[in-house]
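Me: Please take a close look at the sheet in this model and what surrounds it. I would like one connected account that I can follow with the structure open.

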Amino acid sequence: MAGFDCRDAAVLKYAYNISVIVRKKTIQNLPDIGFCNGDIEALSDYLPTGELKQGFNGDISICDWY
């Protein structure tokens, strides 16, 4: 919602900590989202992994960290 392009983000979850590193890069044309089904797919080009789909539980253990 802040308009950041997070496709190159690095994510690491360890114990109860979550670290995310992302270079600030603004999305020029943010897709229309309705805060409901289909929003993750609409934003998928700007998310760090193609595995994120509607119903995803939000658990990313590691993504592009090393």
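**The sheet and its surroundings**

Reply: In this predicted model, three strands make up an open sheet with antiparallel pairing, and their order across it is β2-β1-β3. The edge positions are taken by β2 (17-21) and β3 (62-63); each has a single partner strand, so one side of each is left without a neighbour in the sheet.

Take the pairing of β1 and β2 to begin with. These two strands run antiparallel and are joined by five bridges. Within this pairing, alanine 10 has isoleucine 21 of β2 as its bridge partner, and leucine 12 faces serine 19 in β2. The strands β1 and β2 form a hairpin with two residues between the strands, and alanine 15 in this hairpin has a positive phi near 55°.

Now turn to the other partner of β1. Strand β1 covers residues 10-14 and is joined to β3 by two bridges, again in the antiparallel sense. Valine 11 is placed opposite cysteine 63 of β3, while leucine 12 is placed opposite isoleucine 62 of β3. Leucine 12 can therefore be followed across the sheet in the viewer, from serine 19 in β2 to isoleucine 62 in β3, in keeping with the strand order β2-β1-β3 and the edge positions of β2 and β3.

Isoleucine 18 belongs to strand β2. Its relative accessibility is 60%, so isoleucine 18 counts as exposed, the cut-off being over 50%. Isoleucine 18 also contributes to a nonpolar surface patch of about 270 Å², together with Val20 and Val22. In a regular strand, side chains alternate between the two faces of the sheet.

Aspartate 5 is found in the segment before β1, and among its contacts beyond four places in sequence is Val22.

Conventions. Residues numbered from 1 in each chain as written. Predicted model: local features only at pLDDT ≥ 70, side-chain atom pairs only at ≥ 80, totals over all residues. Heavy atoms only, no water. Pairing = 2+ DSSP bridges. Helix = DSSP H or I, 4+ residues; strand = E, 2+ residues; numbered from the N terminus. Contact = heavy atoms within 4.5 Å. Patch = residues over 30% accessible without salt bridge, like charges linked within 9 Å, V, L, I, M, F, W, Y side chains within 5 Å. Areas by Shrake-Rupley, 256 points an atom, 1.4 Å probe, with all protein chains shown as cover. Salt bridge = Lys/Arg side-chain N within 4 Å of Asp/Glu carboxyl O. Buried < 20%, exposed > 50% of the residue type's maximum accessible area, 1.4 Å probe, protein only.
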